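Thanks for coming, everyone. Please look at the sequence and the structure on the screen, and I will walk you through them.

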Amino acid sequence: MRPVHVPIRTCVGCRSRDVRPALVRVVAREGALAIDHGGRFGGRGAYLHPRDGCLETFARRGGFVRSLRCVVAKPEREIFRARFPEVHG
């Protein structure tokens with residue numbers, strides 16, 4: 001039997017590596033941030049642990065511009081931060 005391949009990704013918040021199912025993919029779509037639950041959205045994405053600390057570190061480091069290669073307006077970032085706890089659980 002062949003072992004099952006599980007992709008490994010790096011959290012852009014804490015910079016630790018983890019299996020892809022343990023992370024949440026975030027993409028920028030039309031100037032807003034979106035959570036890509038199914039992994040089907042096109043474009044650049046970033047992977048985060050579903051923890052507030054990882055999101056805060058990502059935002060503080062300017063990860064929206066660096067990782068997603070786009071500028072996201074501050075109001076959109078705040079809306080995303082408020083919605084982010086929904087992915088916990």
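The order of elements is β-β-β-β-β-α-α-α. That makes five strands and three helices in the protein chain. Keep in mind that this is a predicted model.

Now the overall dimensions. The C-alpha trace spans about 50 × 25 × 25 Å along its principal axes. What radius of gyration would a compact globule of 89 residues have? It would be near 12 Å, and the protein chain has 13 Å, which agrees.

Next, burial and surface. Of the 89 residues, 34% are buried.

Then contacts along the sequence. Take the contacts between residues at least 6 apart in sequence. Of these, 54% join residues at least 24 apart.

On to the helices. Which residues of α1 are buried? They are Cys54, Leu55, Thr57, Phe58 and Ala59. What do they pack against? They pack against β5, α2 and α3. After α1 comes glycine 62. Its phi is positive, near 80°.

Helix α2 covers residues 63-68, and leucine 68 belongs to it. Is leucine 68 buried or exposed? Leucine 68 is buried, with a relative accessible area of 5%. Set aside its neighbours within four places in sequence, and look at what leucine 68 contacts. The list is Val26, Val27, Ala28, Leu33, Arg44, Gly45, Ala46 and Gly63. Pick alanine 46 from that list. Leucine 68 and alanine 46 are 22 residues apart in sequence. In space, their C-alpha atoms are 6.6 Å apart.

For contrast, go to arginine 17. Arginine 17 sits in strand β2, residues 17-19. This residue is exposed, at 60% relative accessible area. Leave out residues up to four places away in sequence, and arginine 17 touches Ile8, Arg9 and Thr10. What separates arginine 17 from arginine 66? In sequence, 49 residues; in space, 18 Å from C-alpha to C-alpha.

Now the charged pairs. Side chains of opposite charge can pair when their charged atoms come close. How many salt bridges does a search of the whole structure find? It finds three.

Take aspartate 36 and arginine 25. Their side chains meet in a salt bridge, at 2.5 Å from N to O. The two residues come from distant parts of the chain, eleven residues apart. Arginine 25 is in strand β3, residues 24-29. Aspartate 36 is in the loop between β4 (32-35) and β5 (45-48). Are these two buried or exposed? Aspartate 36 is buried, and arginine 25 is buried too.

Move to arginine 81. Arginine 81 forms a salt bridge with glutamate 56, with the closest N and O atoms 3.7 Å apart. Why does this pair tie together separate parts? Arginine 81 lies in helix α3, residues 74-83, and glutamate 56 lies in helix α1, residues 52-60, so the bridge connects parts 25 residues apart in sequence. Both ends are partly exposed. Arginine 81 has a relative accessible area of 27%. Glutamate 56 has 36%.

Arginine 81 has another partner, glutamate 78. That salt bridge is 3.5 Å, N to O. Arginine 81 and glutamate 78 are three residues apart in helix α3, so about one helical turn separates them. An α-helix has 3.6 residues a turn, so residues three or four places apart point the same way. Glutamate 78 is partly exposed as well, at 38% relative accessible area.

Finish with the rings. How many aromatic pairs does the structure hold? It holds zero. There is a charge over a ring, though. Arginine 29 lies over the face of phenylalanine 41, at 4.1 Å from the ring centre.

To recap the charged groups. Aspartate 36 and arginine 25 form a salt bridge, and both are buried. Arginine 29 sits over the face of phenylalanine 41. That is my tour.

Technical notes:
Residues are numbered from 1 along each chain as its sequence is written. This is a predicted model: local features need pLDDT of at least 70, side-chain atom pairs count only at pLDDT 80 or more; totals for chains, interfaces and linings use all residues. Side-chain values use heavy atoms; hydrogens and water are left out. Rings of Phe, Tyr and Trp (its six-membered ring) pair if their centres lie within 6.5 Å; planes under 30 degrees apart count as stacked, over 60 as edge-to-face and the rest as tilted. A charge sits over a ring if NZ of Lys or CZ of Arg is within 6 Å of the ring centre and within 35 degrees of the ring normal. A salt bridge is a side-chain nitrogen of Lys or Arg within 4 Å of a carboxyl oxygen of Asp or Glu. Helices (H or I, at least four residues) and strands (E, at least two) are DSSP runs, numbered from the N terminus. Buried means under 20% relative accessible area, exposed over 50%, partly exposed in between (1.4 Å probe, protein chains only). The radius of gyration is taken over C-alpha atoms; the globule rule is 2.2 Å times the number of residues to the power 0.38. Contact means heavy atoms within 4.5 Å.
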